[in-house]
Amino acid sequence: MQLILLGAPGAGKGTVAKQLTAIDGSVQISTGDILRAAVKGGTELGKQAKAYMDAGDLVPDELIMGIMKERLREPDAQAGFLLDGFPRTIPQAEQLRELLKDIDVELDAAVNLDVPRDVILDRLTTRRTCVDCGAIYNIKSMPPKVEGVCDKCGGKVVQRDDETEEAISNRLDVYNEKTAPLVDFYRKEGLLLDVPATSSEVVVKTIKEHVGA
Ligand code: ADP
Ligand code: ZN
């Protein structure tokens with residue numbers, strides 16, 4: 001399947017994407033994960049992106065489009081993809097439309113995961129991430145077995161630099177201003193699938209039915 005996952009930070013895009021990959025081998029493509037890996041690896045891309053990310057601001061569209069033009073052409077993406085955290089602005093969505101035309105790929109849907117703001121705030125402040133494999137935990141609902149240690153790889157489980165209260169509040173404002181308009185963009189394109197994001201199981205089931213997987 002070829003899907004875009006829309007939704008505020010903390011709406012559960014990553015969790016849903018991971019569950020969907022198990023269905024048909026589509027790959028999860030998370031621009032946030034790609035950028036964090038670049039920062040960690042100290043690459044040129046990482047150096048350019050870090051300050052924006054730490055503040056909870058968006059990385060410039062040119063950098064993101066450069067990443068995605070290459071990523072969508074890689075062999076594993078030909079089996080299908082779940083775009084998690086991209087596009088995030090109208091210009092990115094417009095350029096993605098052109099890119100998909102160029103590579104002759106059609107989207108199944110843009111899924112909007114709709115979650116109330118208070119739920120989002122609570123999730124983000126309690127979220128913890130493995131620095132090595134990216135596994136996501138929650139100190140209230142799903143803590144690692146040993147505090148601060150990843151169950152899957154033994155890596156360090158920490159609060160992300162952009163998950164301080166100040167950065168979170170900025171990310172939500174940026175989302176409302178820059179990314180929320182994509183819901184209307186994809187509605188007009190006839191691609192929008194609105195899903196009240198109660199539980200990831202329900203979301204995955206709704207998506208499966210929609211794409212006939
Ligand atoms: P979230 O939990 O907010 O969905 P992500 O892991 O998707 O976080 O992204 C983390 C940060 O990476 C964002 O706050 C932003 O700085 C940057 N980023 C990720 N994807 C994009 C994008 N498509 N456009 C611009 N910046 C992005
Ligand atoms: Zn790990």
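Rings of Phe, Tyr and Trp, the last represented by its six-membered ring, count as a pair if their centres lie within 6.5 Å. Planes under 30 degrees apart make a pair stacked, planes over 60 degrees apart make it edge-to-face, and the rest are tilted. In the structure examined here, which is a predicted model, this rule gives a count of one aromatic pair. The pair is formed by F185 and Y186, with ring centres 4.9 Å apart and planes at 80 degrees, so it is classed as edge-to-face. The angle decides the class, because 80 degrees falls in the range over 60 degrees. Both residues of the pair, F185 and Y186, are buried.

The surroundings of ligand 1 were examined next. A shell of 19 residues surrounds ligand 1, and the closest of them are T31, R36, D57, R127 and R171. Sorted by class, the shell comprises eight charged, seven nonpolar and four polar residues. Among the elements of secondary structure, helix 2, which spans residues 31-41, gives the most to this shell, with four residues.

Several side chains place polar atoms close enough to ligand 1 to count as polar contacts, the limit being 3.5 Å. For R127, a polar side-chain atom lies 2.9 Å from an oxygen atom of the ligand. In the case of K13, the distance between an N or O atom of the side chain and an oxygen atom of ligand 1 is 3.3 Å. The side chain of R160 likewise has an N or O atom at 3.4 Å from an oxygen atom of ligand 1. On its own, ligand 1 has 550 Å² of accessible area, and the protein covers 96% of this.

Strand 4 (residues 109-114) pairs with strand 8 in the parallel sense, over five bridges. Within this pairing, A110 stands opposite L192 of strand 8. Strand 8 itself runs over residues 192-196 and has two faces: L193 and V195 lie on the covered face, whereas L192, D194 and P196 lie on the uncovered one.

The two strands are also linked through side chains. N112 lies in strand 4, and its side chain is joined to that of D194 by a polar contact of 3.0 Å. D194 belongs to the uncovered face of strand 8. N112 has a relative accessible area of 7%, and it is therefore classed as buried, the limit for that class being under 20%.

Notes:
Residues are numbered from 1 along each chain as its sequence is written. Chains are lettered from A and ligands numbered from 1 in the order in which they are written. This is a predicted model: local features need pLDDT of at least 70, side-chain atom pairs count only at pLDDT 80 or more; totals for chains, interfaces and linings use all residues. Side-chain values use heavy atoms; hydrogens and water are left out. Buried means under 20% relative accessible area, exposed over 50%, partly exposed in between (1.4 Å probe, protein chains only). A residue is near a molecule or strand if one of its heavy atoms lies within 4 Å of it. A polar contact is a pair of N or O atoms within 3.5 Å; within protein, one must be able to donate a hydrogen and the other to accept it, and residues adjacent in sequence count only if both atoms are side-chain atoms. Accessible areas come from the Shrake-Rupley method with a 1.4 Å probe; for residues, only the protein chains shown count as cover. Ala, Val, Leu, Ile, Met, Phe, Trp, Tyr, Cys and Pro count as nonpolar, Asp, Glu, Lys and Arg as charged, and the others, Gly among them, as polar. Two strands pair if DSSP finds at least two bridges between them.
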